[in-house]
Amino acid sequence: MKTKEIRQRFLDFFAEKDHLVLPSFSLIPHEDPTLLLIGAGMAPLKPYFTGEKIPPHPRVVTCQKCVRTPDIEMVGKTARHATFFEMLGNFSFGDYFKEGAIALAWELVTQGYNLPEEKLYISVYQNDDEAYDIWQKKIGLPENKIFRLGKEDNFWEIGQGPCGPCSELYYDLGFEYGCGRPDCQVGCDCDRFVEIWNLVFTQYDRDGEGNYHSLEKKNIDTGAGLERMAMALQNVPSFYEIDIVKPILDYFVRLTGIKYGSNDNEDISLRILTEHLRSIIFMVVDGVLPSNEGRGYVLRRIIRRAVRHGRLLGLEKPFLHEAVPLVVEIMKDVYPELQEREDYTVKVVELEEERFQETLEQGLNILNSQITDLEREGSRVLSGDIAFKLYDTFGFPLDLTREIIEERNFDLDEEGFKKYLEQQRERARAAQEKQEDIVLKGDIEKLKDKSTEFVGYEKKENEGQLLAIFNDSSLLNTAKEGQEVNIIIDETPFYAESGGQVGDQGVMETEKANVNIKDTRYGPFNLILHKGTIVRGEINIGERVKARVDNDKREYICKNHTVTHLLHKALKKVLGEHINQAGSLVSPDRLRFDFTHFAHLKPEEIKEVEEIVNQKIWESNSVEVMETTLKEAKERGALALFEGKYNEEVRMVKVGDYSLELCGGTHVKSTGEIGLFKIISESGIGTGLRRIEAVSGPGAYKLLTEKEEVLEKVSRELKTEEDRVLSRLESLINSYKELERENQKLLQKLASSKVGDLLSQVVKVNGIPVLAVQVDAPDMEGLRSMADQLKDKVQSGVVVLGAAREGKVFLVSMVTRDLIKKGLHAGEIIGEVAQVAGGGGGGRPDMAQAGAKDESKLPEALEKTKEIVKKLNPEF
């Protein structure tokens with residue numbers, strides 16, 4: 001039975017049993033920050049099991065894409081371990097329970113799939129008499145077919161929450177595939193008994209103290225690995241021999257030219273390439289990009305492990321991306337998105353391969369050198385600092401280093417690695433949190449007991465008490481007119497720079513003084529610092545201060561910040577869910593948004609993003625701000641920076657029903673206040689990182705006004721209407737090109753007329769005709785044209801021409817074919833000639849060109865030609 005039929009028969013069977021068929025969810029979890037990737041069929045359905053959401057039907061069936069990596073080191077070494085697999089599952093939310101789940105599973109495997117009963121075995125949790133009795137008394141299995149296993153094997157739980165015992169169905173591949181021990185049975189670690197289905201009976205709720213309480217509504221969560229089921233139904237002993245995997249293995253066998261089955265280590269590498277390719281493709285298609293964090297790092301580890309094993313098989317150039325179309329062809333009927341994103345997937349994989357290839361050889365050389373040193377010293381442990389260097393400098397994931405050294409029977413100092421990694425993170429955090437304005441040294445401790453309350457969400461003007469004044473070196477009691485200082489007050493409406501939003505500007509006033517505030521930032525102890533210049537009078541500690549934010553600039557900032565949220569969401573819609581914010585700048589006059597994406601945006605994509613954002617602006621959606629817990633915000637699907645650090649209490653900004661993000665910035669009340677949005681530029685700022693710069697509101701109006709003014713000036717210069725500027729330009733460009741062609745013809749005629757005169761200056765050097773002269777030519781193209789004509793006239797000889805124009809020197813050398821055979825080389829000649837005039841160049845034996853800087857040295861350089869010809873052919 002083909003895998004495609006196995007999958008469909010499972011879904012059809014349960015659909016007939018009143019189950020709702022749901023499509024596979026993305027590998028990227030939705031609204032579940034506890035998971036990096038979906039690793040089980042029940043994971044996307046968790047809210048239905050916990051009661052947070054009402055399921056669309058009490059009975060559900062799915063075939064879910066899954067990725068798991070805890071056992072990645074076993075992939076390739078066994079016949080059954082995989083990082084990517086499809087999980088068939090039927091689920092009951094408070095409907096049928098143990099007897100129903102067991103009866104349905106047995107009916108499908110024995111009647112739907114017609115698996116022979118004599119090859120099927122069952123395990124149950126050691127204390128689950130209810131399940132044992134159902135299998136023995138209701139299904140009718142003999143005792144020697146049912147095995148009681150412990151909590152580690154047959155009890156499903158992950159910390160607190162719903163949990164319960166499980167019962168597993170095993171298929172016996174046969175004695176020849178086992179460990180050979182006479183007591184080999186279900187539960188053995190060998191490959192003989194393959195678990196094909198796990199039935200989890202969710203009947204308990206585990207509390208924080210480890211106590212189990214019976215659930216009022218009991219649920220069923222089952223998982224049948226599609227690939228393992230295929231092993232049983234296709235009667236093959238290995239995951240790598242089923243119909244949707246073997247063609248990939250065969251491809252890599254052909255690519256490497258290695259005979260599968262003749263060498264254990266080579267077989268392991270071939271299996272790793274085969275298995276990892278599937279994971280890589282499905283992860284990229286679902287929006288995961290290689291990175292050093294989160295799920296992106298999972299993908300990077302898998303790609304780099306595959307690249308390294310390809311190298312062991314002699315594949316030194318990027319090769320994985322070339323195999324993508326094969327997997328797409330095999331799986332596209334079930335997952336059409338593979339074909340839709342095939343080109344994109346190829347590019348992502350190829351780029352990551354190329355990046356790792358650049359450092360792989362260097363890293364391997366360092367690692368091999370270290371292993372040699374360890375062997376000489378009699379040590380068996382690779383130090384953490386070397387492992388960290390390989391990770392940080394050469395891109396070696398830790399598990400890749402571990403795998404390589406374990407193959408050589410060495411151990412890894414993982415604690416040492418973690419220490420160096422944490423030190424790097426601490427340095428990064430310290431650099432990020434460093435306040436360049438604060439160099440108070442000893443005085444800084446005096447600010448420890450001060451605090452500032454930000455009241456700027458509600459008001460832009462407020463009165464507070466002046467707590468501290470300081471300049472670049474020390475605390476002050478008083479500051480006078482002309483001094484630039486930092487000011488701390490107890491309550492402020494000024495927003496301090498954070499989250500990409502710039503700090504507020506404005507004024508502070510006392511009865512005797514005015515201060516222009518140029519910037520607002522966070523300082524030590526989370527104090528808000530107002531940096532400004534005293535323009536009148538003097539200020540003193542303890543005085544009451546009126547603080548007033550520049551209203552216009554704040555409003556422009558609010559427009560740009562809210563539109564940044566709209567832009568983020570629009571990019572996800574147009575480009576895919578892999579889009580994530582990687583940085584931003586929100587200022588009064590513009591906004592900048594950095595995000596994860598592999599390729600530059602096409603003009604039509606930029607246009608679509610702009611249209612979506614402007615549509616949301618013109619809908620005048622309300623902007624709501626809510627204070628909530630971090631857990632609740634994430635459960636509601638609020639976007640958050642992956643590396644962001646949030647308190648337990650967070651601020652959530654909701655724009656209509658369109659956008660929901662964690663954000664501490666300031667925003668408009670309605671999107672209609674923004675007015676207009678326009679993208680200025682889109683560019684790359686690093687591998688996998690793009691940047692959009694844009695304007696909104698008054699900034700967008702100003703941009704369009706400036707463009708309109710340019711258009712008006714152009715139309716006046718072209719003496720045409722604005723709507724006819726393009727056609728007028730096209731006409732002028734065509735006329736210009738025609739004139740250029742005519743000009744070239746005239747120049748060629750002019751050059752031809754000069755050729756006769758120049759030929760009279762040919763001299764013989766050791767019997768070789770040499771022409772080396774300065775001529776008048778408009779550019780390098782004209783110079784080459786003249787040299788070509790002279791070479792044709794000379795028939796046998798060396799031609800070197802030089803020209804000077806606007807401070808630049810152009811040089812061309814040509815050698816006829818007969819003299820090339822004698823050892824003369826135009827590239828060598830022009831290189832030495834150009835050096836005399838302070839330049840350089842080279843080229844082919846028959847033609848070469850160069851540029852130089854010193855026009856005064858051109859005659860000397862040309863004269864050098866004769867000397868060079870003599871040197872190259874002294875005996876001619």
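These legends go with a set of close-up views of a predicted model. Residues are numbered from 1 along each chain as its sequence is written, and side-chain values use heavy atoms, with hydrogens and water left out. Because this is a predicted model, local features need pLDDT of at least 70 and side-chain atom pairs count only at pLDDT 80 or more, while totals for chains, interfaces and linings use all residues.

**View 1. An open sheet of three strands, S25, S26 and S27.**
The strands are arranged in the order S25-S26-S27 with antiparallel pairing. Strand S25 (623–629) and strand S27 (659–662) are the edge strands, each with a single partner, so one side of each has no neighbour in the sheet. From one strand to the next, the twist averages 25 degrees; the axes behind this angle are lines fitted to C-alpha atoms (for helices over the stretch in contact), and angles run from 0 to 180 degrees between N-to-C directions. Strand S26 (residues 649–655) pairs with S27 in the antiparallel sense over four bridges. Two strands pair here if DSSP finds at least two bridges between them. Helices (H or I, at least four residues) and strands (E, at least two) are DSSP runs, numbered from the N terminus.

**View 2. Strand S20 and the strands S16 and S19.**
Strand S16 (residues 484–489) runs antiparallel to strand S20 (residues 528–536), and four bridges join them. Look for Glu 484, which stands opposite Thr 533 in S20. Strand S19 (residues 514–522) also pairs with S20 in the antiparallel sense, over eight bridges. Here Thr 520 has His 530 in S20 as its bridge partner. S19 and S20 form a hairpin with five residues between the strands, where Phe 525 takes a positive phi near 60 degrees.

How many cavities of 30 Å³ or more does a search of the whole structure find? There is one. The largest cavity has a volume of about 40 Å³. Its lining is made by Leu 466, Ile 487, Met 508, Glu 509, Thr 510, Val 515, Ile 539 and Val 545. These divide into six nonpolar residues, one polar and one charged. On a 1 Å grid over the protein atoms alone, a cavity is a set of points where a 1.4 Å probe fits but cannot get out; a pocket is an open set with protein on both sides within 12 Å along at least five of seven lines; and lining residues have an atom within 4 Å of a point. Grid points are joined across faces, edges and corners, and a volume is the space filled by probe spheres set on the points.

Of its 18 lining residues, Tyr 457, Cys 558, His 667, Val 668 and Lys 669 lie nearest the centre. Helix H16 (551–575) and S25 are the elements that give two or more residues to the lining. The largest share, four residues, comes from H16. By type, the lining has five nonpolar, three polar and ten charged residues. For this count, Ala, Val, Leu, Ile, Met, Phe, Trp, Tyr, Cys and Pro are nonpolar, Asp, Glu, Lys and Arg are charged, and the others, Gly among them, are polar.

**View 3. Two cysteines without a disulfide.**
A search of the whole structure finds zero disulfides (a disulfide is a pair of cysteine sulfur atoms within 2.5 Å). The closest cysteine sulfur to that of Cys 558 is in Cys 663, 10 Å away and too far for a bond. For Cys 166, the closest is in Cys 163, at 11 Å, also too far for a bond. Cys 558 is buried at 9% relative accessible area, and Cys 166 is buried at 3%. Buried means under 20% relative accessible area, exposed over 50%, and partly exposed in between (1.4 Å probe, protein chains only).

**View 4. Helix H14, and residues with positive phi.**
Seven of the ten residues of helix H14 (residues 398–407) are buried, so the helix is largely enclosed by the rest of the structure. Among the buried residues are Leu 398, Leu 400 and Ile 404. After H14 comes Asn 409, with a positive phi near 65 degrees. Ser 620, in the loop between helix H17 (603–618) and S25, has a positive phi of about 50 degrees although it is not a glycine.
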